Each structure stands twice: as structure tokens, then as C-alpha cells.
Amino acid sequence: MHFKSNVVKSFIQPPKANLIFHKTDEEIELIREACLLVSKVLTHVGANLRPGMTGAQLDKEAEELIRDHQAAPAFKGYKGYPSTLCVSINDVVVHGIPKEEEFKEGDVVSVDCGVLLNGYFGDAAYTFALGEVNEKTMHLLRTTKTSLYKGIEQATHGKRLGDVSFAIQNFVEKEHNYSVVRELVGHGIGKSLHEDPEVPNYGKRGNGILLRDGLVIAIEPMINLGEKEIKQSKDGWTISTRDHKPSAHYEHTIAVRKTKADILSDHVMIEAAVDGNPNLQMVEALEEVPIFP
Ligand code: MF3
Ligand code: CO
């Protein structure tokens, strides 16, 4: 009788927890390999990005690099998405389709990349500052990048998902006067690009699912300088701010561990490339969090 009512209940409302896959140490190493390739792609972007270059050019090079490593772009063909990268410029929040349009001095360019390698996905994003970006926008980038680490800092065994979400929102909206985009969220990742749970960048401390050792999630704050409202373009993908003010986006794939999250993607190598690229400005963190970088 218990059995039957359980079956009926789960048929009507499948328990969310059943859809969350915790990864073995071996699986986490495979996801790390995928994330490492993503980081290499973003490092190539960081080394080559300059005014006059186009998103289409970057996209072609990214796909070649991925295929050279016996991997596949994760986004291309996903729900019909046409490209390897998402290249989101200035007021574009995310999901910008790479175009034949030249980057110019002062642009902020978010580049998001995902790959499938040996059966596992990796996903990461970085927002680059081309040359003389205005100080307000630079501060948005610094805040967004720092907020990602504020979230990661909470992603340990025994905490709740809401602790991650709250840490990001509190830093962005309370400590600073920026806006968290509500409609788009981070996600579990592994054998699929998007797994449960959803990882919002806003929420309440102590709420949400319990985080357990081996949960792998992509945390990806999307933060607007102005209002939180967004709109989707007619291409069905490009998400922009309604007020046309700039937006920033940083993403890491991380594994929840006992005492400290394990960051599987690598921004350090991206930043080494940015440091060596005279066309880009470094995005310095606003403050040190224990888990930096
Ligand atoms: N990092 C983004 C995400 O996880 C990029 C997805 S682009 C898509 O949603 F084409 F794959 F949707
Ligand atoms: Co993602």
C-alpha cells in the first residue's frame, strides 16, 4: 500500500531529488578534463581578442580547437543554437550569437563556452574588457566576478543551494547597487549540459536543496548595471537588458566538496592571457574571498 501510493505520488509529482546526480571522483576528473578544454578555448579568446576582430572569427577558432581535442562543442545544435560560443557584447546579457561584426574599443564581451569530452560536459564563461572601458562598467565586471566566488565559497557539503544564491544576490544587490537577472540560472552538469538542480543567482539563506559532496554545478551570475529586466531578440536567443545598460557574466563549473568547493574550470589561465594581451584590461576582483581565484 505504501508502495502504491508512492508510485502514484511520484507519477503526479516526481521528486526533484531523483533527478540530481552526484558524481564519483572518477566522473569529477572527467568533468575537470572537459572544463580544462573550455578554459583553453577561453584562454585562446583572451590571447587574441582585439578591436577589429569578430565573434564569427572567434567562434570558428573555438570550434577548431575543440575538435582538435577529440571533443564537440556543447552549445552547437543544442535546442537549435547555431554556434560554438555565446558572444554577448555590452547590453547583451547572454546567448549572443557570434556575428561578422567587429569588436570595438570600450566593448565588454562575455564569451561562454561548453564542450562534450569523453561523455562529460564542461561549461565556463568570462567577460573581457576591450581597452578603455568606462569605470562604471569596469566596476560591474569586478563585482560580477567577485560575486561568482562569493557563491562558490558557499558550495560545500551540508550547506543549502539558497546559501549560494543568497551570497551572490546579497553581494550584488545589497553591497552594490546592481541587479541580478532572474530569468536565467546556473545548473547541474555532467552527462548532460543542463541537469538539476537549477542554480539561481538570487534566493534565501537556508532555503533549497541540501548540497552534498559530489554535486557538480555551473554557477553563472548574470548581473546588470541598471535594471534587472531583460528581453529576448527575434532570433530566439540573444538576451539583452531592457534599459540597454551593460551586463556581465562569469561562470565556473564546480564540484561540491566537504570543506571547500573544487573549481573545475580555470580562470587563472584565461587571466594570464588577458594580462599578456595589450588590447584587454584586467578585471581585478573587488576583494579576496578565501577560495580565490
Ligand atoms: N552557459 C550557458 C548555459 O548553461 C550557455 C548555454 S547556450 C546554449 O545555459 F545554446 F547551449 F543554450
Ligand atoms: Co552554463
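How many bridges join strand 6 to strand 10, and in which sense do the two strands run? The structure examined here is a predicted model, in which local features need pLDDT of at least 70 and side-chain atom pairs count only at pLDDT 80 or more, while totals for chains, interfaces and linings use all residues. Residues are numbered from 1 along each chain as its sequence is written, and chains are lettered from A and ligands numbered from 1 in the order in which they are written.

Strand 6 is joined to strand 10 (residues 222-224) by 2 bridges, and the two run antiparallel. Strands here are DSSP runs of E with at least two residues, and helices are runs of H or I with at least four, each numbered from the N terminus. Two strands count as paired if DSSP finds at least two bridges between them. Ser179 stands opposite Asn224 of strand 10. Both strands belong to an open sheet of 3 strands, ordered 6-10-13 with antiparallel pairing. Its edges are strand 6 (179-180) and strand 13 (247-249), each of which pairs on one side only.

Strand 9 (residues 216-219) has partners of its own. It pairs with strand 7 (residues 186-188) in the antiparallel sense over 2 bridges, and 4 bridges join strand 9 to strand 14 (residues 252-255), again antiparallel. Ala218 is the bridge partner of His187 and also of Thr253 in strand 14. Val216 and Ala218 point one way from strand 9, Ile217 and Ile219 the other way, and all are buried; a buried residue has 20 or more other C-beta atoms within 10 Å of its own, an exposed one 12 or fewer, and a partly exposed one a count in between, with C-beta atoms placed from the backbone.

Helix 5 (residues 161-175) is mostly covered, with 11 of its 15 residues buried. Among these are Phe166, Ile168 and Phe171. The helix bends by about 25° at Gln169, the bend being the angle between axes fitted to the seven residues ending there and the seven starting there.

Glu29, in helix 2 (residues 25-48), is partly exposed because 13 other C-beta atoms lie within 10 Å.
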